[in-house]
Structures are given as C-alpha cells and as structure tokens.
Amino acid sequence: MSMNFLINAAIPSPLYFSQQLNTTNRKPIRAPLRCSTNNGEVNDLSTIPSQIELGAQDNTGVSKEEFRSSSIEREMKNNDIWRLFKEAQRNILYLNKQRLDAVEELNKTNREKQLLLEKIEQLEVEKQAGLGKGNLSIFWELLLRIDSMVLTGMINSGEASNLRKLVFDYKVSVADLFADILPEGDADLLAELRRFGSGSKKNGFHIIHICTEMDPLVSIGSLASYVTGLSGALQRKGHLVEVILPKYACMNLDGVQGLREIKVECYSYFNGQLHANKIWIGVVSGIGVTFIQPLHYSSFFNRESVYGYSDDFERFTYFSRASLDYIVKSRKQPDVLHIHNWETAIVGPLFWDIFVKQGLEGTRILLSCHNLNSLCLEHPDKLALCGLDPARLHRPDRLQDNTKTHLVNILKGGVVYSNKVVIVSSMHSKSRIIRSLSHGLESTLAIHQDKLLVAPCGFDSSTWDPSNDKFLTENYCAEDMKGKTVCKVTLQQQLGLSKDASTIVVGCIFSDVSEVFLENLKAVVRGANVRGIQFVFTGTNKLPSASRALVSFQEELKDGIVIFVDSYDDALLHLIFSGSDIILCHSFHDPVLQVALKALKYGAAPIAVTSSDIEFRHFAEFDHESTRFSRFISSTFGNISLSQALEEIKNNPLSWKRKIKDAMLQDFSWDADCNDIHISAYTAIKNL
C-alpha cells in the first residue's frame, strides 16, 4: 500500500465536516455550486444569481434577505470546513513525515547495531587468537622502543634481552598496562618497565626475517605473501617474529602503523668504510618491521623497481651487512635469522665469519629458497665489499660455482652456511628437487640434503574462508553447502548468465597468459564436452594481450557459454571461487595467487592445465617425501582432466560431493603444514 493511499485514506472528506457542523440546522438549503481548477483551488459560484434569487421569494416563501443571510452563513461554515480540512491534512502529512523519519532512524540504528555486532564478533575472534590488533601494535611498539633505548645507549644488551623477554612473555598484560605511558619519553617508559618486572622464562622462538619483500608493502613475487603469512602464523603459535626490509622509494607505506625514525644513525661497513643509515620502525599486519635507509648509498633503494639492476649484488649485499650491523648494535639476540633467496643469502657467510662472536653465539641461520633458478654469480673479489675474504670463500666446498668455477655462487653460499634450508614447493619432493630442479646446485644439495626441508606455501584463511567471507551473498561450509548454490546464482546474475543452480560453472583465474598456457587451456577445454557449461575467465590485472587471445578463444567455444571479465575486482574474485564447481589452475604450485588452495577451501575442484602438472600426476602419489598438499591433490583432483571431472559431476554426483566436502575440511593455510615444518626446522637448529 503506497504512502499516498495511506494519507488519503486517513483524511476525512469535507462532507464529513459539513455533516458535523450542520447537525443543529437541517434546513433544506441547496449547497453552493463549486468546481476545482487545475491547480487545486476551489471556485465559489454561490454568488452567481440564480433563477430563484432573482425573485423576491422562492417556492418555500424565503425572502431574498433571508436567502442572502443563509448563503453567508453557509459560506462561513464552508470556509470553516475547508480550513479544518486543510489543517487536518497538514497535521496528517506532518505525522506521516515524523513516522517516516522514525522508520529511517530505526533502520539507521539497526545498521549501526549490526556493524557493532560484527565488530564485537571480530574482536572476539582476535581475542581468541591471542591478541587484538590494537594490543599487537602496543606490543610491537614496546619492543621497538626497547630497540631505540639500546641504540641510544640507555640500556645494555643484558637488560635489553630481559626487557624483550618480559614484553614477549606477558604481551597481553603489558599491552593493557603500558598503553597510556607509550606517548611518554623513553626514560619514563624504561622506569615503568623496570618496575613491572625483571624478566621471565621464554616460551617461544625469536625469529628475525632479513628479506627484500613483504606483503602489502612491496610485493613482486611469492616471497612477499610468504613472509607475511608465515610470520603471522608463527606469532599465533606464540613465537616472536620481526622483519627487516630495505626502505624502498617505491614502497607502499600506507599499511605501516606508527612509522617513525629512530633518531640515531646506525653505521654499517661497505667498500672499506663505515656508512650511516637511517632506521625506521613500524608495525605491519601485527608484525614489527625495521626499515634500513642508506644515506651515502641512497641511490641503492631510491629507484622505481625493486629488482633488475646491474648492481643488484651490491645493493642487497649492502642491505644484508647493514641488517647484521643493526642487530648487533641493538643488542638483539634472536634464536633464528631467517634469510631468503640469493638476495640475503650472503648473511650466512657474513654471520659465521664475522658476526657470530659479537653476542650472537646462540643464533642460528635458516635459508628459504623460492626459486633455485636465481643464483647470482659474481666475481670473487666483490665479496670484499661487505668485509668477506674472497680467497677463503672461493672454494668448491664453499661459494665457488659448480660449473663456472671462476665465479662465486651467492645462493650456494647461503645453502652451505645455513643450518637448515627450506625449499618452498607445494608439489615437488626433496629427491625430485635435487635430481631435476636444482639448476646446477645438484651436487651441493646432495651433500647438504640432511638439512634440506620442503614446505608448501599457504594462504590467508582469515580472508579466504567461505564460512565468514564478507564478499559472499550467503556464507557456507562443508557441513552446510546451501550458501554455495546461492553464490552460484548470484555470480550468474551478476555476469548476465542464465540463472540455473544445476548448470556447471567452470572458473579460471590467472595473473598472466603465455602462449603455452593458452594452448594448454585450449587443449583441456577442447577435450571435454562443454555443451551447456558456463565458463568464467578473469585475470588479477589488466592484460591487453591476454584479453585479445581470450576473446578469440571465447569465439571458438561455440558449444559452451564463455564470459571473460577484463578487469580485476576483489569481490568478484571471491564470488567466482564460491560460485564455481571447477577452477582451472595455471599450476597446482601457485605461490603467488594460491588458486588451487583457495579453490579447495571454497568447494571448487582445482584442475591444472599445465603440462608439468600432468607429468606430476603419474608419480607424486608414490613419493612419501612430498608435502601433504601434494599427496592430497594426487589422490583426488590431480589425476583427472576437465572432461573426467565434468562426467563425474553428471554421472556420480554423490561421490563428487563427498570428494568436495573432504577437500573443504582440509587445512592448507599458513597455519597448517607450512607453519609446522618451519617450527620443526627452528627446533632442530636450536638443538644443534
């Protein structure tokens, strides 16, 4: 019922008022003639003389004077009627407006209440995880302030170590106790810390990442999400993790909380001299981060890109040495220095040849390799830039390259000088990596195979979880899949596809489209009966060449219904995962996009389209050294093609649903295997 109808129904007619006012006078007097104009005004025609008024008397014997007197009386009453009517109408309109305002205010209150409930729910989840974001920021600011006290000479290394243990072991308590005093000076804060206690038993590891990427500050490859994801998972397990990064000019600092410069110059050795660096500190995703900014060599990181320069060895060697000089000056005593790829692999020989005797006797080194194909070969004399002895290191059992023996291999040096080496690969076993994927390091990896571990990448389950995904029309889980059907229909509607929950939807998400990938994709799709299947292709960035190729491919698939989304949309990406039955993957090992991992979580079967994964299917399930993810994929979706998957969905739906449910119940996030393997590696090297 419309509002106008409600208003009109509530307003009495003028006749009603006329009847009320004339109950005491019921003479049979003709009502005045009136009509309405287009603008709603009423013309009173009662003053026009009629045939009756022209005579002295009418048939009833009423004189002209009496008739006029009666007309005036009627006119006054009618005016009163219209005045009352208009006043009543204004009052009712006002009341209706008040009612609508009240309804809007109620809706606003309900929305605010819902937002408040969601915030309370979020805070409760964070509380159950150990710390809220606010507490984590306070916790890390306390630790970074202790670093500042050491650098300015206020406290010595022993007291700094005790204070760090105090903050770490009582992080929940100190976050509450020291929130108000943080704005005060270092002297007041130190006095309060000393009053609080003198230390406690340390329960977790203290790990420092020395690296060149971290999500969301600077993300070029898989290293960025690995550092952030693993660090967060380790902290949720009760370990203290911090990160040291170069302060790039191209870095996005929007995600840094409490960014500030420590007003003490920190010197580091390079090319025969000591050089000053600015030290910046802040908190990123609940993780304490230190940024090193060279002053004399300011051009090293004041560039448009992170990698790809002829002096990359000098740039990252400078950063590696400066990181160790900073750790020593700040009197940190971490359990593990976690270094990454060739860019910080030089930390290994630097640590054991120069720094281990400078208060770091209890520290050990772990190297993670994301790409064994990137080695960094340099002339041995360049090692002297950071203070290393070229003659001592240019040997077959140390840094000398296995093939080009006149050069040193920086990544090889990291392998040799690290206590443990973690190779990040979701699909390949240690034996296959040594045998086929070592890129000239086969003999080195074979010699050091006892310290090699293989760890899968993970994904952020706090962002990618259909049971609490804020982008989805309706949430769902393995035990209740109704929401997935709703999400499919929403996806179809949003993309202009016919809305039918029984139609099979195949998604494909990619970051790049090479000719090889496109040909593999065509072969996979052409080999299946795609009649009536809905395909949704999208990229994570705008790729003009890919757009043209996929539009051409779209025209070829006449039996299927193909939608190509030529723009990245985060909400749509979540909807594609939730609304698809199958997700075509560039590869099962996808450390950047993590498509296969997310597909499993959202109840979509990952089907690989690259030839390397097709080869993998024939032997991975028999290799017990492979990761849990690799073994699971090989026993489920790794051995089937798109054609076989479509046939199973149509012909054996109950079996398919059981397989999907089992996949959704698996945990392949950063908190699972990846985290466990690293904790076991840290434990092993601390026991050496």
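User: In what order do the five strands of the open sheet stand, and what is their pairing?

Analyst: In this predicted model, the order is S16-S15-S14-S17-S18, and the pairing is parallel. From one strand to the next, the twist averages 20°.

User: What makes S16 and S18 stand at the edges?

Analyst: Each has a single partner strand, so one side of each is left without a neighbour in the sheet.

User: How do you know that S17 and S18 pair?

Analyst: Two strands count as paired if there are at least two bridges between them. S17 and S18 have four bridges, in the parallel sense, so they pass that cut-off. Across the pair, Ile 582 stands opposite Ala 605 in S18.

User: Why is Glu 474 called partly exposed?

Analyst: Buried means under 20% relative accessible area and exposed means over 50%. Glu 474 comes in at 33%, so it falls in between and is called partly exposed. You'll find Glu 474 in the loop between strand S13 and helix H17.

User: Which residues is Glu 474 in contact with, leaving aside its neighbours within four places in sequence?

Analyst: Those are Lys 482, Gly 483, Val 486 and Cys 487.

User: What makes helix H20 mostly covered?

Analyst: Eight of its 10 residues are buried, among them Leu 572, His 574 and Phe 577. The cover over the buried residues of H20 includes H17, strands S14, S15, S16 and S17, and helix H21.

User: What caps the N-terminal end of H20?

Analyst: That's Asp 569, with a side-chain oxygen 3.0 Å from the backbone nitrogen of Ala 571.

Technical notes: Residues are numbered from 1 along each chain as its sequence is written. This is a predicted model: local features need pLDDT of at least 70, side-chain atom pairs count only at pLDDT 80 or more; totals for chains, interfaces and linings use all residues. Side-chain values use heavy atoms; hydrogens and water are left out. Helices (H or I, at least four residues) and strands (E, at least two) are DSSP runs, numbered from the N terminus. Buried means under 20% relative accessible area, exposed over 50%, partly exposed in between (1.4 Å probe, protein chains only). Contact means heavy atoms within 4.5 Å. A polar contact is a pair of N or O atoms within 3.5 Å; within protein, one must be able to donate a hydrogen and the other to accept it, and residues adjacent in sequence count only if both atoms are side-chain atoms. Axes are lines fitted to C-alpha atoms, for helices over the stretch in contact, and angles run from 0 to 180 degrees between N-to-C directions.
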